[in-house]
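Try each task before you read its solution.

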Amino acid sequence: MLKNYIKIAWRNLVKNKVYSFINIAGLAAGMAVAMIIGLWIYDEVTTDRQFKNYDSVYQVMMHQTFDGRRGSQQALPYPIGEELKAKYPDLKYIAMCDWGGKHSLMYGEKKISRYGHFLGEEGVEIFSLKMLNGNKNPLHDPYSIVLTDETAGILFGAEDPIGKMVKMDNNTNLKVTAVVPKQPKNSSFTFDYLIPFQLQENYDYVKLYHKTNWGNNSWQTFVQLNSNASEKAVNAKIKDVVISHFSDENTLKSIRPEVFIHPMSKWRLYSDFENGKNVGGFIKYVRMFGILGLIVLLIACINFMNLSTARSEKRAREVGVRKAVGSGRKDLVKQFLSESMLIAVLAFLFALALVMLALPFFNKLTDKEMSLQISNPLFWGTMILFTILTGLLAGSYPAFYLSSFNPVSVLKGNLKVGKSSALPRKILVVAQFASSVILMIGTVIVYRQIQYGKNQPIGFNNKGLISVNWSDDIAKNYEAFRHDLLNTGAVVSVCKSNSPPSQIFSNNNGWEWKNSQPVEKTVIFSTIATDYDYTKTLGIKMIDGRDFSREFADSNSVILNQAAVKRMGLKYPVGQTVKWNERPMTIVGVIPDIQMQSPYRPVSPLTIIFDKGWVSYINVRMNPGMPSSKVLSLIKPVFDRYNPAFPFEYQFADEEYARKFNYEELVGNLAAIVAVLAVFISCLGLFGLASFTAEQRVKEIGVRKVLGATVFNLWQLLSKDFVMLVLIACVIAVPVAYYAMNEWLKNYENKITIEVGVFVLAVMGAIIITLITVSFQAIKAAMANPVKSLRTE
């Protein structure tokens, strides 16, 4: 029987090639979108699942109140690791960690710059790192290094790296103690190498400023709980671990530091906090695109339903004959479901091919490493279930509708498919286009918000500006290095700073100013440390006062931005004295609000302090009269001469700033792709319905043409019903889209206002697309010879 069903289904597909193509193409596109989004969601929700201790690993975090706002941070004081280890037995393993950074690694003549972490000894257990080669406890010796297999291959080739010496930053020899696999891209903890955290204890800045300092939050802490410990119980025990080390009444009352643990299972998707409460995070985008994927699939299924029910009169006599010779309704339902299943299987095969073609582009777009798990039985089980559900979703309504025909009425020719039978199809078309219009409006608003952020004034010139990592070798001969760079003629200005032009790495409180209250010492100010020529190099125009100068003793000078001046309430700031942690400092200049953080949030109050030793980057302003390629070729020999252990690597400030829009552009690009495909699938269905309508009304069209109707009259006749349905869809879509996008924009403090023009543009676009889609069939029918159409009827 099944063989017979499939044979009949195949014959119907071949017999109606145009409708079969529309059904299969629409379903294939919808299934492909759903599959790609499904792969993306799977990649997101399986983040960090490769870690064996996934369910028991946590990051230690802290809530603090600054300037009346309760914030949550990962940055913790250096001594917290030893304190937790000594006093809290519920914590099985504890590992301190830095924020990661690039260091040069040298072996023989090979030198590379790679990203890695200083990690505590027990971090190997916490992250369950698999040893491909080497010691089981590879971070025990402070002068050791763990390499990923990729990094080891670059440095050592086919040699066994274990026991070999690698020189870091041309000043520290480290022994390779282990090789571990490179972490996948969807890991929260990625690295090219690991160095023991205890090595940092040998650094002067740690000894002097961090080792016993509970007020400087500059480090990360990871823990693994014992099997009998609970998150709630541990939080209750450790919440006062930081505050217990403060005796200052102001700190106790205003800042109120409270330590807690955040599970690995929430690092990726639930990382946002407001007022000390976890409020979600990237999970909102996962849910949003999951819903969009289902909507596109549903739109494709609606095409199948509409075309199948619209052509019901073509199948009515077949149903009548089958029922007359003894077929029951169940048998007919099975037959029609077999047809939908066959179409779903063919659509799945085409969808699979589409996904394979699109996946490399999609991986590049989302910065992922996703692949079809073709060798995984679970993948095929999921795909079979997915295809069956799609076939049932698309075919169930047509199957029950067609099988419900009365055989007597059908065989007598009394079956009339009137307005009531067309109502479900109209509702489905409205649902299709309402969804498509919502996606169109959403895409336009997302792109407008991105452009709004990009067009915000940033207060400095990030074009022709590069930053290069600082090193001890450059520090030894900085003035000579700077002099040689300027002498190339390719460089206009050079300065050093503790953060690159596109970011701010340090935030500090403890500032006092005229008439400030004690509680205001908790106000957070962003901090940039530099020496000379900072504003000249970055192209910042002074509003008042001056930059740091070699003509003055500026060791206790500070420059403020306008936001800092406003927060301090200073009318004439230049020349006034402020204090930072009891250290008197003189305001020598005021700059505009330079945007180095999120362009969608107000610029934070900023202090620029003079500090020759607090350096992480060199900033170079290139000669605007030279091509970038020539500038780089001229300055590379200077860097190679003064910084021989490091390959010449640089970051363009404008490119780094553009990365701030990555998430929004990802959302915008995904939304645009989904919207285009949704509109395409809807148009396929509309084309099929228009074709069927023209075929159904061929006699009416012939009569009207004989009686004098013009092509325009007939085009109007055939198009108006579809345009009306799309207009109804727009009426539904506009308020829904407005509400949804208004909610999305609440995530941004600096944002656009949703204007009426966006909705007008979307409605006009929907109508134009509808007319283009329908017009081909309408004009074709209107231009047909009425003699032929009336004769055939």
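## Exercise 1: a salt bridge out of the solvent

Both lysine 496 and aspartate 531 are buried. Keep in mind that this is a predicted model.

**Task.** Work out how the side chains of lysine 496 and aspartate 531 meet, and which parts of the chain the pair ties together.

**Solution.** 
- Step 1: start with the contact itself. The two side chains, lysine 496 and aspartate 531, form a salt bridge with an N to O distance of 3.6 Å. The cut-off for a salt bridge is 4 Å, so the pair passes.
- Step 2: Lysine 496 sits in strand β17 (residues 491-497), while aspartate 531 belongs to the loop between β20 (525-530) and α17 (534-538), so the bridge ties together parts 35 residues apart in sequence.

## Exercise 2: two more bridges, with accessibility

**Task.** Take the pairs lysine 182 with glutamate 150 and lysine 746 with glutamate 743. Find how far apart the closest N and O atoms are in each pair, then sort the residues into buried, partly exposed or exposed.

**Solution.** 
- Step 1: for lysine 182 and glutamate 150, the closest N and O atoms are 3.6 Å apart.
- Step 2: check the solvent side. Lysine 182 has a relative accessible area of 38%, so call it partly exposed. Glutamate 150, at 40%, also counts as partly exposed.
- Step 3: now lysine 746 and glutamate 743, where the closest N and O atoms are 2.8 Å apart. Lysine 746 comes out as exposed because its relative accessibility is 53%; glutamate 743 is partly exposed at 34%.
- Step 4: The whole structure holds 29 salt bridges, and a network of them links Asp43, Glu44, Arg268 and Lys368.

## Exercise 3: the end of a helix

**Task.** Is leucine 745 buried or exposed, and which residues beyond its neighbours within four places in sequence does it contact?

**Solution.** 
- Step 1: locate leucine 745 in helix α23 (residues 711-745).
- Step 2: read off its relative accessibility, 2%, which means that leucine 745 is buried.
- Step 3: list the contacts beyond those sequence neighbours. Leucine 745 touches Ile445, Gln449, Lys751, Ile752 and Ile754.
- Step 4: Isoleucine 445 is 300 residues away along the chain, yet the C-alpha atoms of leucine 745 and isoleucine 445 are 9.2 Å apart.

## Exercise 4: helix α12, patch and pocket

**Task.** Which helix supplies the largest share of the nonpolar patch, and which gives the most to the lining of the second largest pocket?

**Solution.** 
- Step 1: collect the patch. Met356, Ile374, Trp380, Ile384, Leu385, Ile388, Leu389 and Leu392 make a nonpolar surface area of about 710 Å².
- Step 2: assign the residues. Helix α12 (residues 377-402) provides the largest share, 6 residues. Tryptophan 380 is found in this helix and, at 30% relative accessibility, is classed as partly exposed.
- Step 3: move to the second largest pocket, with a volume of about 890 Å³. It is lined by 35 residues, and those closest to the centre are Gly38, Leu39, Tyr42, Phe379 and Thr382.
- Step 4: sort the lining by helix. α2 (17-45), α9 (283-310) and α12 each give at least two residues, and α12 gives the most, with 9.

Key: Residues are numbered from 1 along each chain as its sequence is written. This is a predicted model: local features need pLDDT of at least 70, side-chain atom pairs count only at pLDDT 80 or more; totals for chains, interfaces and linings use all residues. Side-chain values use heavy atoms; hydrogens and water are left out. Patches are made of residues with over 30% relative accessible area and no salt bridge: like charges are joined within 9 Å, nonpolar side chains (Val, Leu, Ile, Met, Phe, Trp, Tyr) within 5 Å. Accessible areas come from the Shrake-Rupley method with a 1.4 Å probe; for residues, only the protein chains shown count as cover. Helices (H or I, at least four residues) and strands (E, at least two) are DSSP runs, numbered from the N terminus. Buried means under 20% relative accessible area, exposed over 50%, partly exposed in between (1.4 Å probe, protein chains only). Contact means heavy atoms within 4.5 Å. On a 1 Å grid over the protein atoms alone, a cavity is a set of points where a 1.4 Å probe fits but cannot get out, and a pocket is an open set with protein on both sides within 12 Å along at least five of seven lines; lining residues have an atom within 4 Å of a point. Grid points are joined across faces, edges and corners, and a volume is the space filled by probe spheres set on the points.
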